[in-house]
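I opened this structure to see how its ligands are held. These are my notes, entry by entry.

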Amino acid sequence: MKLFKTTKGILLQDNKSIYRLNDDWDELINQKNLHSYLSAKLKKSEAIDDTEFDAIINTQLQAPIGKQELWAAGVTYLRSRDARMEESKSSGGADFYDKVYAAERPELFFKALPHRVAAHNTEVYIRKDSSWNVPEPELTLFINSSGEVQGYTIGNDMSSRSIEGENPLYLPQAKVYERSAALGPCLFVPQHPLAKETTISIIIERKGKKMFSDSIQISRIKRSFPELAEFLFRECEFTHGCFLMTGTGMVPANDFTLEKGDVVDISIEGIGTLRNVVAYNESKK
Ligand code: DO4
Ligand code: MG
């Protein structure tokens, strides 16, 4: 089942129909056994037709996040470890990435409050003080307030590799700024956890030309999702649950940097495609 958050309320899609729900987003997604809760709700809800659904999705779609914090895990795939070791070689920081990949404790960092998160079909930003920028396509977990993974969405952890590579202590500036994260298009709530063979893929286009594409199965991740959730919840309470990006397994070659106007499509089987256009924050000089 998929939940779409829109400016006019919530839509719930199962494999047959689309329904309008009159619930509060934060209360709804934090229900225990979310899939069963939504299944029961379907029977009492008003269905809408495909034309109305398309119109709403095209004009009113929001990122599937309400009052939740967005966190991120890092260096959970070998490709990310290797890329980071390379970019931070000259700063002397390379060892940190190698060590955190192998350590018991994962790298977890705070990524964004909801107001910095871009929705599907909107802009993500690159920093004007950064010369090397990439998207990071990441399966993103929704974890309820009891620490249980209840749903999934697609995440883009936009990153400045030049700032992060200069010094690992600059990580918050490389990762956290306006529209540095995108989530969407929906919150996917399956009956069972995602299959290990689930594929994440990315395509970056510039003026209609493909600049980069890649894909990876989630089975290639070094850590389990409950393990990441357990570390995040050790000393933090999340009243409304939280979102956790699970790290990237795909990094473009070192000579690639994003440019204004690039289109980034990230797809995950079963969830859909998250599309964003790259821009600068023109309100900042
Ligand atoms: O350590 C830096 C960030 C790592 C990250 O965002 C990732 O591996 O996805
Ligand atoms: Mg990342």
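**Entry 1: a loop contact**

I began with Asn-144, whose side chain reaches the backbone nitrogen of Ser-146 at 3.0 Å. I call this a polar contact: a pair of N or O atoms within 3.5 Å; within protein, one must be able to donate a hydrogen and the other to accept it, and residues adjacent in sequence count only if both atoms are side-chain atoms. Asn-144 lies in the loop between E10 and E11. Helices (H or I, at least four residues) and strands (E, at least two) are DSSP runs, numbered from the N terminus. Asn-144 counts as buried, at 1% relative accessibility. Buried means under 20% relative accessible area, exposed over 50%, partly exposed in between (1.4 Å probe, protein chains only).

**Entry 2: ground rules**

I noted that this is a predicted model, where local features need pLDDT of at least 70, side-chain atom pairs count only at pLDDT 80 or more, and totals for chains, interfaces and linings use all residues. Residues are numbered from 1 along each chain as its sequence is written, chains are lettered from A and ligands numbered from 1 in the order in which they are written, and side-chain values use heavy atoms, with hydrogens and water left out.

**Entry 3: the metal**

Which residues coordinate the magnesium ion (ligand 2)? I found Glu-136 (OE), Glu-138 (OE) and Asp-157 (OD), at 2.0 to 2.1 Å. Donors are N, O and S atoms within 2.8 Å of the metal (3.2 Å for Na, K and Ca); water is not among the atoms, so sites may look incomplete. The donor residues are spaced E-x1-E-x18-D in sequence. Glu-136 lies in the loop between strand E9 (133–134) and strand E10 (137–143), and Asp-157 in strand E11 (residues 149–157), so the pair ties together parts that are 21 residues apart in sequence. Glu-136 and Asp-157 are both buried.

I also looked up Leu-139, in strand E10. Leu-139 is buried, with a relative accessible area of 0%. Its C-alpha atom is separated by 10 Å from that of Asp-157, 18 residues apart along the chain.

**Entry 4: ligand 1**

Asp-157 turned up again here. An oxygen atom of ligand 1 is 3.0 Å from an N or O atom in the side chain of Asp-157. For the side chain of Ser-80, the corresponding distance from an oxygen atom of ligand 1 to an N or O atom is 2.6 Å. For the side chain of Arg-84, it is 3.3 Å.
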